[in-house]
Amino acid sequence: MSPVVSLKSHDAIGIVTIDSPPVNALSAAVRGGILECVHQAIADPSIQAIVLTCAGRTFIAGADITEFGKPPKKPTLDEVLTAIESSPKPVIAAIHGTALGGGLEVTLACHFRVADKSSKLGLPEVKLGLLPGAGGTQRLPRAVGPELAVKMIIGGDPIGANEALQNGLIEEVVEEALSGGEAFARKLLADRRPLRRLRDDDTKLAAARSDRSIFTGAVAAITKKVRGLEAPFVAADAIGYALDLPFEQGLKKERELFLQLMSSDQSKALRYAFFAEREAAKIAGVETGTKPRSVEGVAIIGAGTMGGGIAMSFANAGIPVTLVETGKDQLDRGFGIIRKNYEATAARGGIPADAPAKRMTLITGAVGLENIGQADLIVEAVFETMTIKKEVFGQLDKIAKSGAILATNTSFLDINEIAKETKRPQDVVGMHFFSPANVMKLCEIVRTKSSAPDTLVTAVSLARKIGKVPVIVGVCDGFVGNRMLMARQRQASQLLFDGALPQQVDAALTKFGMPMGPFAMGDLAGLDIGWRSRQDRGIKSEIEDALCEAGRFGQKTGKGFFRYENGSRAPLPDPEVEKLIDQTLKRLGRKRRTISDEEILERTTYAMINEGARILEEGIAARASDIDVVWLYGYGWPVYRGGPMYYADHVGLKTIAARLSDYAREASDPSLEPAPLLKQLADQNAKFT
Ligand code: 3H9
């Protein structure tokens with residue numbers, strides 16, 4: 001018998017249990033084990049019904065993604081599903097945790113499904129650039145009708161047990177999966193209920209077969225937000241075959257499309273990103289098994305935009321927080337903004353109508369630092385000035401309880417310096433959230449020279465708990481994300497001096513897949529901040545300075561690099577800006593030249609990649625894939641391009657190094673000289689990832 005799948009018989013019910021941690025993925029061993037056990041159960045005259053269940057934290061979470069791209073091993077998943085569906089004895093899937101992808105497809109080949117109430121059922125393959133390749137596109141529409149099938153397959157998000165029950169995906173919501181499955185099986189036998197094979201049941205397809213707009217309307221509604229991805233559209237074609245073709249032929253078509261997507265560059269990049277995200281949670285140099293400290297109470301210092309957003313992130317995850325300010329007015333203002341944000345989200349349907357009130361009760365306000373004495377984790381989100389931060393940490397050292405984690409949300413400052421203000425530098429760490437903090441998923445966990453292993457583990461596990469994607473980074477100016485952003489920004493600004501216009505630069509990057517170009521991003525953040533800081537440091541940036549002198553501070557003044565009409569956030573090209581750039585260049589004696597979109601893309605992205613190479617060299621990031629995760633979740637790098645370092649490997653490091661050398665020479669810009677690590681890898685024909 002297989003070590004990962006077992007068969008036991010219990011009073012005429014055969015129980016097939018899959019036990020393959022961590023998530024019972026359908027590896028060759030699991031597929032083989034299921035097939036063997038199902039055959040045995042069918043052959044065993046004492047067994048009248050079969051319950052398929054999983055041990056551990058979840059039902060099958062899908063095909064084993066680590067097997068993708070390798071030579072296929074027998075038995076195929078399709079063979080396993082055919083055996084289950086053809087079984088003359090009823091097969092019941094008893095679901096707990098997550099039944100995802102191939103896992104849900106296994107249950108769809110079973111004759112009946114029951115699930116416990118916390119189960120999630122879904123076909124998330126599009127998120128890996130794939131489509132359900134084991135009958136999901138043919139059986140799910142037959143189980144729940146094409147409209148919900150389109151939503152689940154093309155959207156990729158799972159549904160809960162209750163919604164599954166309402167839509168006929170499961171027969172019952174049970175207290176506990178295995179006992180519920182067994183009880184259901186006994187009832188079934190007592191009632192002599194006939195088997196339901198989805199492959200033979202077209203009832204739920206009838207309406208959409210006679211009125212195609214039911215299907216096309218559902219597809220149009222869900223694909224209208226899709227940008228740049230191929231898989232959702234191919235998945236829509238596959239679901240269409242369920243309507244147009246008999247089951248077996250539909251299955252064949254689905255297989256062809258699945259294999260086509262499997263070899264696509266997009267799917268390879270998305271699968272890379274899946275593992276990169278999980279890898280990022282592993283902390284280099286910290287022993288696995290290091291336990292996080294217990295965190296029951298959290299305090300946030302500063303109720304400004306960042307502090308408020310961070311407090312919302314904790315409240316969204318059901319964790320109570322104390323929000324601390326220096327005065328009641330500041331606190332009231334902060335609470336007002338949080339309430340407004342929640343209400344706006346509820347009005348858009350993003351959260352239930354009663355959620356704002358519930359979540360607000362989890363956030364308590366307090367005036368003065370003396371209120372943080374009981375907190376296990378304190379996140380400081382005050383003004384981005386070293387003197388203020390140092391003062392706060394000096395006070396925290398006196399007030400915070402022993403063993404509390406002291407985190408700063410600084411985005412640029414030297415946290416080693418900040419930690420020196422305390423007598424417990426081992427408890428100090430950076431937790432750099434991105435704005436808006438309640439929405440953006442990235443959290444850079446900044447490791448100082450002295451951060452203790454369990455401080456880091458606590459910060460990482462807490463970030464995951466509140467739905468963030470944590471990445472460990474080291475201390476340097478801007479850490480990983482903003483340091484690379486600055487390198488890109490320098491090139492974007494330089495391109496204006498060479499003859500490009502803001503709209504051309506932004507368009508080249510949005511066409512590549514970035515959600516926003518560097519100049520629209522500048523307008524969103526506010527140009528006055530950089531202007532003031534340049535004035536303080538006696539630095540000039542002629543074009544941006546000229547914009548600010550003309551009162552163009554970005555979105556907040558309705559004009560910056562672009563103009564904004566009637567409070568809209570859509571950037572519109574502005575002839576005034578072109579005039580202003582022309583005048584500035586004339587004054588500086590510079591001539592505009594024609595710049596190609598290719599040059600814009602290369603100079604901006606290759607400069608970032610070059611900075612990424614320096615970051616790796618210096619050990620600020622432990623892995624190239626960590627840098628990719630930062631850019632995927634912090635800046636909206638198109639996930640189907642894997643991240644900047646993965647993209648660099650895809651283009652070829654030789655090409656990138658050569659182009660950077662050319663640009664460094666042409667633009668007399670030594671910062672564009674290829675970094676030593678980039679040169680070395682290019683010479684060795686090696687890769688970052
Ligand atoms: C598919 O099914 C195709 C079929 O239609 C057709 C086939 C013919 N395979 O996320 P976690 C690992 S496509 C291999 O940290 P959580 C993961 O790498 C698949 N490994 O836990 C990690 O390893 P490590 C469709 C997998 O509790 C460990 O498990 N299914 C797989 O936060 C723990 O993972 C999906 O896309 C896998 N399928 O979340 C579901 N899944 O510890 C993908 C996980 O070494 N999985 N691992 O770093 C998930 O969404 C989440 O992992 C899940 C658990 C929600 C299940």
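A: A residue is buried if 20 or more other C-beta atoms lie within 10 Å of its own, exposed if 12 or fewer, and partly exposed in between, with C-beta atoms placed from the backbone. This is a predicted model: local features need pLDDT of at least 70, side-chain atom pairs count only at pLDDT 80 or more, and totals for chains, interfaces and linings use all residues. Numbering starts from 1 along each chain, as its sequence is written. Helices (H or I, at least four residues) and strands (E, at least two) are DSSP runs, numbered from the N terminus.

The part to look at is α3. Eight of the eight residues of α3 are buried, so this helix is largely enclosed by the rest of the structure. The buried residues are G102, G103, L104, E105, V106, T107, L108 and A109. What covers them? The cover includes α2, β4 (91–95), β5, β6, β7 and α4 (136–144).

Two strands pair if DSSP finds at least two bridges between them. An open sheet of three strands runs in the order β5-β7-β8, with mixed pairing. Strands β5 and β8 (159–160) are at its edges with a single partner strand each, so one side of each has no neighbour in the sheet. Strand β7 (residues 120–122) pairs with β8 in the antiparallel sense, over two bridges. In that pair, K120 is opposite G160 of β8. Helix α3 packs on this sheet and touches both β5 and β7. Contact here means that the C-beta atoms of two residues, placed from the backbone, lie within 7 Å. The direction of α3 makes about 85 degrees with that of β5. Axes are lines fitted to C-alpha atoms, for helices over the stretch in contact, and angles run from 0 to 180 degrees between N-to-C directions.

The ligand comes next. Its shell has 26 residues, and the closest are A61, G62, A63, G101 and G102. Which elements give two or more residues to the shell? They are β5 (98–100), α3 (102–109) and α12 (265–280). By class, the shell has 14 nonpolar, eight polar and four charged residues. Ala, Val, Leu, Ile, Met, Phe, Trp, Tyr, Cys and Pro count as nonpolar, Asp, Glu, Lys and Arg as charged, and the others, Gly among them, as polar.

Two of the covering strands, β4 and β6, belong to another sheet. This open sheet has six strands in the order β1-β2-β3-β4-β6-β9, and its pairing is mixed. Strands β1 (5–10) and β9 (172–174) are at the edges, each with a single partner strand, so one side of each is left without a neighbour in the sheet. From one strand to the next, the twist averages 25 degrees. Strand β6 (residues 112–116) runs parallel to β9, and three bridges join the two. A115 is opposite V173 of β9.

Helix α2 (77–86) is also part of the cover. P75 is in the loop between β3 (49–54) and α2. The peptide bond from K74 to P75 is cis, with omega near -10 degrees. Most residues other than glycine have a negative phi, and most peptide bonds are trans. P436 is in the loop between β15 (428–433) and β16 (442–447).

N566 has 5 C-beta neighbours inside 10 Å and counts as exposed. N566 lies between α23 and α24 (575–587), in a loop. Its phi is positive, about 45 degrees, although N566 is not a glycine. N685 is exposed as well, with 9 other C-beta atoms within 10 Å. Phi of N685 is also positive, near 55 degrees. N685 is found in the segment after α29 (676–683). K540, in the loop between α22 (527–537) and α23 (542–549), is exposed with 9 other C-beta atoms within 10 Å.

Definitions and conventions:
A residue is near a molecule or strand if its C-beta atom, placed from the backbone, lies within 6 Å of it.
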